[in-house]
Amino acid sequence: MKGMPEEGRFVTGRRDPVSGQRWVHVSRAMVEAHPQGRLNLPLYAATLFFMGMAAWRLVLWTFVFGGFWMPLEVIVLLLAAAAIFFRLPPGGWLGVTACGMILVDFATGMKGAWGGQLWALAEAVAAVVVGFYLLTGARPNFIYRHRFLSEAGEEDADV
C-alpha cells in the first residue's frame with residue numbers, strides 16, 4: 001500500500017483460492033500513521049447512525065417497550081458508535097452486531113405494532129448498507145482489522 005511508513009512489518013496472508021487476492025496485515029501503529037487510517041465521511045455517518053438508533057431505542061424502551069432487548073440494543077449501539085469513532089479494533093464487529101440487532105427487530109416485527117412499518121423498513125435498509133460497508137469496505141478493513149487487499153502486481157513475499 002502506497003504511503004505506508006517504513007517502520008513496522010507487512011505480513012502477507014494466504015492467497016484466496018477463488019478470487020486470487022490476499023490480505024496484507026499491518027500493525028496498529030502503521031494504521032494510525034497512514035492517511036487512510038483516519039475516519040472518512042461514511043464512518044462518521046455510521047457513527048451518527050448508531051448514535052441515532054441508540055437514542056431512538058431508548059425512547060422506545062422508555063415509552064413503549066419493556067424488557068431486556070431494548071436496553072441491550074442501546075448498549076451495543078452506543079458501544080459500536082464509540083468504538084468506530086475512536087478507531088478501536090472491535091468497532092467493525094460491534095457495528096455489524098448492532099446492524100444485526102436492527103435486522104432482528106425488523107424481522108420480528110417488533111415496531112410494526114406501533115405503526116412504524118416504514119420507519120422500520122428504513123432502519124433495516126440503512127442497517128444493511130452500514131453493515132455491508134463495515135464488512136467489505138477497504139477503509140474499515142484497514143482501520144478495524146489492520147489489513148488491506150494487496151494490489152495486482154505487488155510482491156507475494158513479506159516486505
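## Exercises on a predicted model

Helix α5 (residues 117-136) contributes four residues to the nonpolar patch, the most of any element. This is a predicted model, in which local features need pLDDT of at least 70, side-chain atom pairs count only at pLDDT 80 or more, and totals for chains, interfaces and linings use all residues. Residues are numbered from 1 along each chain as its sequence is written, and side-chain values use heavy atoms, with hydrogens and water left out.

**Exercise 1.** Find the residues that make the nonpolar surface patch.

*Solution.* Nonpolar side chains (Val, Leu, Ile, Met, Phe, Trp, Tyr) are joined within 5 Å, like charges within 9 Å. Areas come from the Shrake-Rupley method with a 1.4 Å probe, and for residues only the protein chains shown count as cover. The patch is then Phe106, Leu118, Leu121, Val125 and Val129, at about 500 Å². Val125 has its place in helix α5.

**Exercise 2.** Work out the strand order of the sheet and say which strands stand at its edges.

*Solution.* First, list the elements: helices (H or I, at least four residues) and strands (E, at least two) are DSSP runs, numbered from the N terminus. They run β-β-α-α-α-α-α-α-β. Next, look for pairs, which need at least two DSSP bridges between two strands. Strand β2 (residues 23-25) and β3 are antiparallel over three bridges, and His25 has Arg147 in β3 as its bridge partner. The three strands form an open, antiparallel sheet in the order β1-β2-β3.

**Exercise 3.** Decide how well helix α6 is covered, then look at Gly91.

*Solution.* Take buried as under 20% relative accessible area, exposed as over 50%, and partly exposed as in between (1.4 Å probe, protein chains only). In α6 (residues 138-145), seven of the eight residues are buried, among them Phe142, Ile143 and Tyr144. Just after α6, His146 takes a positive phi of about 55°.

Now turn to Gly91, which lies in helix α4 (residues 91-108) and is buried at a relative accessible area of 0%. Leaving aside neighbours within four places in sequence, Gly91 is in contact (heavy atoms within 4.5 Å) with Ala83, Ile84 and Tyr144. Gly91 and Arg145 are 54 residues apart in sequence and 9.2 Å apart in space, C-alpha to C-alpha.

Conventions. Patches are made of residues with over 30% relative accessible area and no salt bridge: like charges are joined within 9 Å, nonpolar side chains (Val, Leu, Ile, Met, Phe, Trp, Tyr) within 5 Å. A salt bridge is a side-chain nitrogen of Lys or Arg within 4 Å of a carboxyl oxygen of Asp or Glu.
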